Amino acid sequence: MYDLKTTERHNISNMATIEELKRISSQVRRDIVRMVTTAKSGHPGGSLGITDVLTTLYFSEMKQDPKTWTRQAKDQDVFILSAGHLAPVYYSVLARAGYFPVSELGTLRKFGSRLQGHPSVSDGLPGVTKPSGSLGQGLSVAAGIALGKKMDGTDRRVYCLCGDGESEEGQIWEAGMWAVHHKVDNLVAFTDWNGQQIDGPTRTITGLEELNEKWAAFGWDVIVADGHDYQSILDAFKLARNLNGKPKMILFKTEMGHGVDFMAGTHEWHGKAPSAEQCEAALKQLPETLGDY
Ligand SMILES: Cc1ncc(C[n+]2csc(CCOP(=O)(O)OP(=O)(O)O)c2C)c(N)n1
């Protein structure tokens, strides 16, 4: 098990700087709040909590090109959002990274929109490889695609985001056993370890606190990192890239609702839209950096 508080620090080169990642994340958080407010439904809490990690993945870590991306592209990394309810952060990061026009963010959850409440592939939204929303399935798909990439002889990776509440699903652990058995070491899974799920703190529901020990016992390389410290996030991804032989699970400690004081640290904003006044109050805390859609 690796705890990034104690690992060596690495320098980032040629990708987004930490200052840029901070600026993008602030805009992504604004997008999330505005999208969910306009739609009058959706999931802001988990989206705000995993924003720093997903922004870092798309702007500094993953080898994926919005200009040439297809679902079948063999020469690119793949991202699978297993916790499909985190669609608002996913859509914002994709739009800000150039996969589709940012103006489309305002159509979240509307009839005819490509941005449904959970990601769909039949709508043809660029950047989305797999539909999700029914929890527990994405890690299995990610493991299968990762093994396929190895069989194809490419060195591309598959990244997969799971929720900690989602990890109450048995299929997550079936995928965990399978990926170790097949030595799928190009699979980099990461969990939004915010300690919360739809019904309350995870410890009060199934007692998931020791996720690190559970994944280590399943034979994975486990990395624990701070999901709001960009250097820690970058270090975690870099360490995952440099470990061979086993699938990797990065457990990002995050705060649900991070960045908006009245949403932070509680499950109450798991799946609730802010009122117009709450939206205004939230936006005052989040600097506009790239222009609102
Ligand atoms: C198979 C399945 N069961 C139940 C749900 C309903 N549901 C949506 S999100 C959620 C909680 C997920 O918790 P977590 O992964 O921790 O996400 P967070 O609350 O941190 O956003 C549940 C039970 C679902 N989408 N799919």
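A residue counts as buried when its relative accessible area is under 20%, as exposed when that area is over 50%, and as partly exposed in between, with a 1.4 Å probe and protein chains only. The structure described here is a predicted model, in which local features need pLDDT of at least 70 and side-chain atom pairs count only at pLDDT 80 or more, while totals for chains, interfaces and linings use all residues. Residues are numbered from 1 along each chain as its sequence is written, and side-chain values use heavy atoms, with hydrogens and water left out.

**The chain as a whole**

The protein chain has 9 helices and 8 strands, where helices (H or I, at least four residues) and strands (E, at least two) are DSSP runs numbered from the N terminus. Its radius of gyration is 18 Å, which agrees with the value near 19 Å that a compact globule of 293 residues would have; this radius is taken over C-alpha atoms, and the globule rule is 2.2 Å times the number of residues to the power 0.38. Along the principal axes, the C-alpha atoms fill a box of roughly 50 × 45 × 35 Å. Of the 293 residues, 54% count as buried. Among contacts (heavy atoms within 4.5 Å) with a separation of 6 or more, 76% are between residues 24 or more positions apart.

**Glutamine 197**

Glutamine 197 lies in strand S5, which covers residues 196-197, and it counts as buried because its relative accessibility is 11%. Its side chain is joined to that of glutamate 168 by a polar contact of 2.9 Å, a term for a pair of N or O atoms within 3.5 Å in which, within protein, one must be able to donate a hydrogen and the other to accept it, and for which residues adjacent in sequence count only if both atoms are side-chain atoms. Leaving aside neighbours within four places in sequence, glutamine 197 is in contact with Gly165, Glu168, Thr202, Ile205, His267 and His270.

Most residues other than glycine have a negative phi. Lysine 40, however, has a positive phi near 65 degrees, and arginine 109, also not a glycine, has a positive phi of about 65 degrees.
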